[in-house]
Amino acid sequence: MRYRVLGRTGLEVSELSYGTWGIGKADWGGGDDDQALISLGRAIELGVTLVDTALAYGDGHSERLVGKALKASAETVHVATKVPPKIGGWPPPEGVHVDEVLPADWVTASAEASLRNLGVDAIDLLQLHVWSDDWVGQGGWPEAVERLKSDGKIRFLGVSVSYGQPANGVRLLETGLVDTVQVVYNVFDQNPEDELFPVVREHDIGVLARVPFDEGGLTGKIRPDTEFPQGDFRNHYFRGDRRRDVAGRVDAIASDLDVPADRMAEMALRFCISDPAVSTVVAGMRSLRNVEANARAIDAGPLSDAELQALRPHRWVRDYHSA
C-alpha cells in the first residue's frame, strides 16, 4: 500500500480508502453484512488506513459495521464520516439558509450519533455532507464544530461537494474553516482540476476523490446489455441508451491506452492518484476480489505522462445523477 499526507491535517492515509456507501445498503439492492465485514477487514489487512462513511448511509448501518470492523482490528484506522442535511438532498435546495440545512444543534447531534454508531471516542474527520458557497458567513455551525473539537469529539473538519459542482466549495476552502474536501473525480469528470485543485494546493487542503469508477462505468464491465438487480440505483443512473454510450467511450479509452478491458478499473484508480493534489481515492469494494484488485492497482502507482495525455480528451461533461 502507498501513503500520502491528508493535507494540513498531517494524517498519513493510504492512497486507497474504503468507501462504505454500498455496505450501508443505500440503493444497491441490498447487501450482506458478513461479507461487508470480511472485505473491510481484508482492506485493513492490506494497509488501508482510512474508511469513509456517513450517518446517512443506511441510517447509521454503515457506521455500525465500520465500528465492528474497527473493534476487530488491532491496526490504526482513521475514520471519516459526514453530517447529513437536515432538510433537502444532494445538492441542497437553492435559496435556503444554512441554518435550515446544517443548524448548529443538528451538526452536534449528528456527530454524537456517529460517535455512538462507530463506538469511538473521537472522529478523525467530520465532513459536511452537503454544501453551497452561498452559505459562507452564515449560521452557527462553525461554533458547533469548534465545540466538538474542544470537547475532543472530532479532530478535523471537511466538506463533501455535490456531483457536478466541484467549484461550489472554493469560497469555503478559502475561509480556512475546513481541512479537507471530498469531490467526484475520475477520467470522465476531470473538472476538479480547473478551479478546485488550484485552491487545494494553495491552502494545503486534503482531497478525498470519490466515484473513481463512475459508478462502475469506468471498470469496463458496463455493456449495452448489462442488467442490474431490482432496486439497484444504477438502473436509473445507466437508463436508456447510457449503457451503450458508456461502453463505447470506455472501449475508446482502452484503445487509446492500448490495454485490455479487464485493466480499465486499474487505470481508472491510477488516474486519480496521478494528480498530487489527491490525498486518497475512496472506492466502494464489497467483495474480497475487488478489495485485492484495487490494492494491486494502487501499488502500481500513478500513470505515465503519456497515459495521462491519452486520457485528457476523454473528459465527458454530463450529469447522470440529476438528469
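**Exercise 1. Locate Pro91 and describe the peptide bond that joins Trp90 and Pro91.**

Solution. Pro91 sits in the loop that runs between β5 (78–83) and α3 (98–101). In this predicted model, the bond joining Trp90 and Pro91 is a cis peptide bond. Its omega is about -5°.

**Exercise 2. Val211 and Asp214 each have a positive phi. Find where they lie and decide whether each is buried or exposed.**

Solution. Step 1: Val211 is not a glycine, yet its phi is about 55°. Asp214, also not a glycine, has a phi of about 50°.
Step 1: Val211 lies in the loop between β9 (206–210) and α8 (234–237). Asp214 is found in the loop between β9 and α8.
Step 2: The cut-off for buried is under 20% relative accessible area. Val211 has 15% and is therefore buried. Asp214 has 1% and is therefore buried.

**Exercise 3. Describe the packing of helix α4 (residues 104–118) and helix α5 (residues 141–150).**

Solution. Step 1: Two packed helices are described by the angle between their axes and the distance between the axes. For α4 and α5 the angle is about 30° and the axes are 8 Å apart.
Step 1: The crossing of α4 and α5 is right-handed.
Step 2: α4 contributes Ala104, Val107, Thr108 and Ala111 to the contact, and α5 contributes Trp141, Ala144, Val145, Arg147 and Leu148.
Step 3: By class, the residues of this contact are seven nonpolar, one polar and one charged.

**Exercise 4. Determine how far helix α10 (residues 264–272) is enclosed, and by what.**

Solution. Step 1: The buried residues of α10 are Met264, Glu266, Met267, Ala268, Leu269, Arg270, Phe271 and Cys272.
Step 1: Eight of the nine residues are buried, so α10 is largely enclosed by the rest of the structure.
Step 2: The elements covering the buried residues include α9 (242–257), β10 (280–284), α11 (288–299) and α12 (305–311).

Note on methods
Residues numbered from 1 in each chain as written. Predicted model: local features only at pLDDT ≥ 70, side-chain atom pairs only at ≥ 80, totals over all residues. Heavy atoms only, no water. Buried < 20%, exposed > 50% of the residue type's maximum accessible area, 1.4 Å probe, protein only. Helix = DSSP H or I, 4+ residues; strand = E, 2+ residues; numbered from the N terminus. Contact = heavy atoms within 4.5 Å. Axes fitted to C-alpha atoms, helices over the stretch in contact; angles between N-to-C directions. Left-handed = near helix turned anticlockwise from the far one by under 90°. Nonpolar A, V, L, I, M, F, W, Y, C, P; charged D, E, K, R; others polar.
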